[in-house]
4 protein chains.
Amino acid sequence: MNSFGKIFRTMIFGESHGPYIGVTIDGCPPGISITEDIFRHDLDRRKAGQPGATERVEHDKPEIISGVFNGFSTGAPLTILFKNSQTRSNDYKKIKDSPRPGHADYALWKKYKGFNDYRGGGCSSGRLTVGVVAAGVIAKKIIDPVIIEAEIIEAGGISDIQKAVEQAKNNMDSIGGKITCQIKGIPAGLGEPFFNSVESVLSHAVFSIPGIKAIEFGDGIQSSLMQGNQFNDEIISPDGKTLTNHSGGINGGITNGNEIIFTVHIRPTASIGKPQKTINIKTGKPATIEIEGRHDTCIALRMPVIIEAMAAIAVADLKFINRRIS
Amino acid sequence: MNSFGKIFRTMIFGESHGPYIGVTIDGCPPGISITEDIFRHDLDRRKAGQPGATERVEHDKPEIISGVFNGFSTGAPLTILFKNSQTRSNDYKKIKDSPRPGHADYALWKKYKGFNDYRGGGCSSGRLTVGVVAAGVIAKKIIDPVIIEAEIIEAGGISDIQKAVEQAKNNMDSIGGKITCQIKGIPAGLGEPFFNSVESVLSHAVFSIPGIKAIEFGDGIQSSLMQGNQFNDEIISPDGKTLTNHSGGINGGITNGNEIIFTVHIRPTASIGKPQKTINIKTGKPATIEIEGRHDTCIALRMPVIIEAMAAIAVADLKFINRRIS
Amino acid sequence: MNSFGKIFRTMIFGESHGPYIGVTIDGCPPGISITEDIFRHDLDRRKAGQPGATERVEHDKPEIISGVFNGFSTGAPLTILFKNSQTRSNDYKKIKDSPRPGHADYALWKKYKGFNDYRGGGCSSGRLTVGVVAAGVIAKKIIDPVIIEAEIIEAGGISDIQKAVEQAKNNMDSIGGKITCQIKGIPAGLGEPFFNSVESVLSHAVFSIPGIKAIEFGDGIQSSLMQGNQFNDEIISPDGKTLTNHSGGINGGITNGNEIIFTVHIRPTASIGKPQKTINIKTGKPATIEIEGRHDTCIALRMPVIIEAMAAIAVADLKFINRRIS
Amino acid sequence: MNSFGKIFRTMIFGESHGPYIGVTIDGCPPGISITEDIFRHDLDRRKAGQPGATERVEHDKPEIISGVFNGFSTGAPLTILFKNSQTRSNDYKKIKDSPRPGHADYALWKKYKGFNDYRGGGCSSGRLTVGVVAAGVIAKKIIDPVIIEAEIIEAGGISDIQKAVEQAKNNMDSIGGKITCQIKGIPAGLGEPFFNSVESVLSHAVFSIPGIKAIEFGDGIQSSLMQGNQFNDEIISPDGKTLTNHSGGINGGITNGNEIIFTVHIRPTASIGKPQKTINIKTGKPATIEIEGRHDTCIALRMPVIIEAMAAIAVADLKFINRRIS
């Protein structure tokens with residue numbers, strides 16, 4: 001279940017405070033040039049250090065342990081590990097019995113009957129997105145010349161993102177954000193009708209990222225306020241090019257040859273410095289917690305590269321699924 | 001690919017103007033009471049006839065051809081057929097070479113190299129949601145006592161839906177809509193971390209429905225404008241009940257025991273009475289088309305029951321996947 | 001679960017005494033010429049009427065209800081129905097509580113808690129292989145110019161098959177058989193290492209056919225009696241051609257460009273005319289049953305075409321899975 | 001593709017001469033007691049050192065890097081690594097262009113267009129079965145009290161296995177073997193009709209093991225020589241117990257509550273000391289190779305524990321799939 005894709009399959013594993021997190025890619029074609037440094041740029045984009053991002057800086061050095069030989073993918077499953085070096089597990093002991101509001105602590109405790117690794121969010125930690133970013137780097141090579149670009153356009157509801165973050169930090173509080181993603185150069189005909197529409201597949205991938213609360217394709221919410229006459233995109237050339245792109249490059253779940261555009265909305269970081277009320281699940285009594293660990297003011301800041309990775313993974317799989325049609 | 005679910009699997013087939021459309025459910029447990037009349041209520045809710053819905057009225061009589069014996073599910077694959085009786089295929093011949101704006105005509109023609117059944121949207125017609133509704137009726141029985149309720153709350157941006165539809169009809173135009181869905185009584189612990197988060201699975205199912213352009217969970221887009229302190233839901237009892245429900249019943253991709261709430265936004269109907277510009281894909285020259293067929297003014301009107309069905313299908317599957325944890 | 005394949009997916013449904021049985025093929029490429037008569041030859045090969053085969057003759061007329069338009073596959077799910085016309089359900093009422101030895105009656109009753117359609121073997125009836133044969137016809141077109149040929153080479157342990165059948169018939173008893181299958185012209189490089197070896201995929205498909213008790217690849221059982229020096233096939237040309245073919249065209253789970261050869265062994269028909277002892281599952285007391293229905297003396301006689309179909313379905317899927325490697 | 005199972009999913013990765021091989025188990029329930037020493041017994045059974053097994057002795061120390069916390073499975077993906085410490089890659093350089101007869105060298109080279117890691121069989125090396133054995137240890141805990149026992153009953157066609165191995169060793173040759181496996185205490189009702197029959201699922205898993213050329217269920221090949229009257233197992237008690245067990249515990253693809261019995265036949269080890277003829281794929285000219293690396297005289301000797309592991313993995317998944325039927 002913890003994998004994505006039918007032909008180009010990405011599986012992640014690991015927990016925030018375990019020895020390693022990692023990713024396995026199954027179905028990667030052979031002959032793709034892969035060295036450890038191709039991951040650097042995207043991993044750095046994800047890494048802590050930007051204004052508002054957590055002070056926990058992992059070096060995120062990829063260790064490729066299978067699927068690459070002499071600098072090229074072999075075609076066999078490709079596994080990449082990342083060491084968890086800077087974990088401070090003691091931070092989390094106090095909150096073991098007091099699930100943090102806005103976190104998955106309670107839900108995971110319930111699901112796994114108390115056996116889950118509660119430290120740092122365990123298996124649902126944002127830390128696991130390191131593996132997603134690494135898989136995305138490979139997926140981007142596979143879908144070339146399709147280009148995927150995501151950027152944050154709002155934090156806390158305003159476009160001056162640095163200002164928004166500073167304000168929230170001063171309040172010991174956190175904020176959310178809004179990110180747009182464009183998939184350029186994507187050919188017409190990808191996606192499968194009905195249960196594997198492009199929107200289904202992309203949203204499935206994107207909602208795997210912790211903290212996303214909404215996704216819009218093309219004009220999204222605005223669409224519901226338009227009339228058909230305004231919304232329908234006029235086709236202006238035999239290659240399917242349209243005059244406008246309200247539908248965001250997808251009709252009936254299939255790419256139409258125009259750019260895919262989607263927008264995601266991210267909740268404020270769950271961990272905040274302020275004291276919060278919760279319940280003690282052992283005693284059943286109210287409790288107040290203060291989260292001392294390191295945390296981002298705005299998780300959305302790190303997300304553009306993760307969203308690009310998820311989109312690339314999804315497009316790579318759709319591309320290979322469509323290969324049956326020669 | 002054209003199926004949904006891992007254990008409770010729904011597959012649909014058929015084309016708008018073929019002899020039948022249908023659905024096969026694989027993984028249905030035995031012993032569920034199923035007769036042809038249990039589908040009536042939900043099929044009627046989906047059926048044409050409401051203000052703004054198309055005049056094509058199918059009788060939508062389910063023919064169960066496998067998987068039911070003596071009034072109960074057998075546990076074997078359950079197939080239900082629906083005859084397509086009121087097709088007027090001639091309506092579509094004229095538009096064969098002139099893809100309709102806002103429809104999947106061009107995308108499907110490209111994907112399937114011209115072999116797709118272009119009549120009435122073919123395999124991507126909204127007609128196929130009849131099978132989804134039927135599967136939803138069974139899924140609702142399986143997830144009982146979980147209750148799923150969706151309703152349209154806006155059409156064309158206003159809450160007086162009848163008025164919005166009449167206006168659009170007078171303009172020979174179409175409008176979109178906004179639907180909320182509540183999943184009540186859902187236990188904590190459903191969903192799988194990361195790639196099969198509840199949001200991933202629900203959005204995957206929901207975006208299979210043609211015409212949906214956005215989905216929000218809990219406070220959705222509004223979340224990105226809140227501060228962590230406001231957004232985090234205070235846990236007030238040992239069963240996970242929260243004081244507020246900004247997160248919509250899901251944390252870290254797992255249900256937390258509170259109601260799931262999501263909202264979808266639907267584009268205006270693609271087929272409109274007004275003449276529209278497009279291209280002739282054979283000659284490469286501009287063309288003008290008028291869509292004479294029957295069509296809804298607002299497809300969102302029929303959708304609440306389809307969204308309920310998709311949500312029920314998704315929850316049924318999540319329930320069975322979680323059964324490994326006894 | 002009741003489907004086979006990842007990209008070229010075959011799903012069957014129906015029960016022996018329901019109104020229809022059928023098959024849905026998902027992932028069929030568009031543009032394949034399909035009319036109802038292309039199925040005739042293989043369906044006839046499977047049909048009753050040969051010496052030793054049951055007297056229940058179904059007309060097995062395929063009704064294509066989706067996925068074909070103007071004589072070609074559309075690329076959308078392709079569903080074919082077959083009416084069950086000659087059912088005599090009364091034959092089975094007597095044995096409802098007395099599971100037939102050698103049949104799945106007891107196992108299905110237990111699995112499905114008594115809700116299974118027990119008539120004629122229900123969902124595990126050999127009747128369902130009609131759908132498999134139909135899917136095989138399409139798969140054979142897809143894998144062309146690969147040729148698959150199966151033939152029965154022994155019945156009841158002897159090669160004079162007609163004689164073996166007559167003897168068994170006179171004894172009111174049944175016999176088994178042995179079938180070889182050759183897959184000619186298959187390119188090197190199909191199959192996935194480890195969990196989806198060619199042997200894994202082919203055996204999975206073949207063991208779906210009721211009544212098969214063993215499969216051998218290449219020299220099969222004989223292999224275990226040879227020495228490495230004898231068994232290893234000498235490679236004699238740069239296209240991988242080998243001097244001998246002990247390994248049956250597969251090394252390390254991947255096709256090596258030589259012919260695939262496998263052999264299956266089929267048990268005697270479970271239904272026999274002789275009285276048999278069993279238990280009454282309601283009373284717990286011993287019972288004696290006589291099976292009056294129609295039944296084959298040797299089910300293996302009909303099986304070559306079913307085995308060909310299963311092999312073709314498996315090869316078609318392996319071919320499409322391998323397409324990621326351009 | 002390189003995974004097995006729908007709910008209890010096993011994925012292996014790594015190459016014979018890479019830094020690590022490993023296994024990820026997804027869908028493991030929480031609360032299973034797991035420490036590194038529970039793997040020792042089965043890993044030792046698999047390990048080299050028996051008469052006839054290769055001299056390459058890996059320490060096979062499992063490093064659990066995710067999915068276990070405080071000695072219990074967490075329910076999240078469980079990854080175990082094994083270091084490859086004793087690789088002598090130089091042994092393989094000479095044979096790079098001369099595919100070894102009986103090995104997958106040629107097939108993998110062709111499939112992966114020359115990018116495969118050819119050292120030591122790369123991704124199709126028997127070395128990868130270490131991960132399978134580890135997964136099997138966990139699966140055995142899950143299916144408890146079901147017991148799986150496999151043993152080698154013949155090598156080179158005789159039951160004095162030590163003698164057979166010594167003879168072959170003296171000849172610088174290799175031999176095959178025959179292994180039986182019993183699954184005791186398995187409840188009735190596991191398996192899915194048609195495409196996921198118990199035979200389909202077990203054979204799929206078992207044929208993933210390199211070198212297996214045949215599998216028989218119950219009386220297997222012998223079945224085809226029997227008459228129905230002899231083969232059908234008389235049911236003697238209401239819990240499905242049968243007087244004989246010719247069918248090997250499975251009817252119509254579903255377990256019937258009796259012991260599952262299957263037999264596998266293994267080819268002689270592909271690597272032998274004797275010089276062998278092959279082709280040079282670069283020059284197209286005949287070549288003679290001598291395989292100097294370490295190799296087993298009889299790979300079948302190590303296989304019983306691997307077969308047990310595969311059977312346990314398959315049964316664990318069938319058990320969870322059946323859980324939808326409460």
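A residue is called buried when its relative accessible area is under 20%, exposed when that area is over 50%, and partly exposed in between, with a 1.4 Å probe and protein chains only. This is a predicted model, in which local features need pLDDT of at least 70 and side-chain atom pairs count only at pLDDT 80 or more, while totals for chains, interfaces and linings use all residues. Residues are numbered from 1 along each chain as its sequence is written, chains are lettered from A and ligands numbered from 1 in the order in which they are written, and side-chain values use heavy atoms, with hydrogens and water left out.

Helices (H or I, at least four residues) and strands (E, at least two) are DSSP runs, numbered from the N terminus. Helix 6 of chain C, residues 198-206, is mostly covered, with nine of its nine residues buried; among them are C:Val198, C:Glu199, C:His204 and C:Val206.

Turning to the interface, eleven residues of chain C are in contact (heavy atoms within 4.5 Å) with eleven residues of chain A. The buried area, meaning the accessible area (1.4 Å probe) that two parts lose on being put together, summed over both, is about 1,100 Å² between chain C and chain A, and carbon and sulfur atoms give 67% of it. C:Ile7, C:Arg323 and C:Arg324 supply 54% of the area that chain C buries against chain A, more than any other three residues.

A salt bridge is a side-chain nitrogen of Lys or Arg within 4 Å of a carboxyl oxygen of Asp or Glu. Between chain C and chain A the count of salt bridges is zero, whereas over all chains it comes to 76.

One of these salt bridges links the side chains of A:Lys111 and B:Glu192, at 3.2 Å from N to O. A:Lys111 lies in helix 3 (residues 105-111) of chain A and B:Glu192 in the loop between strand 9 (177-184) and helix 6 (198-206) of chain B, so the pair joins two chains. A:Lys111 is buried, with a relative accessible area of 2%, and B:Glu192 is buried as well, at 3%.

In chain D, the side chains of D:Arg119 and D:Asp117 meet in a salt bridge at 2.9 Å, N to O, and both residues are buried. In chain A, salt bridges that share partners join A:Asp42, A:Arg45, A:Lys140 and A:Glu308 into one network.
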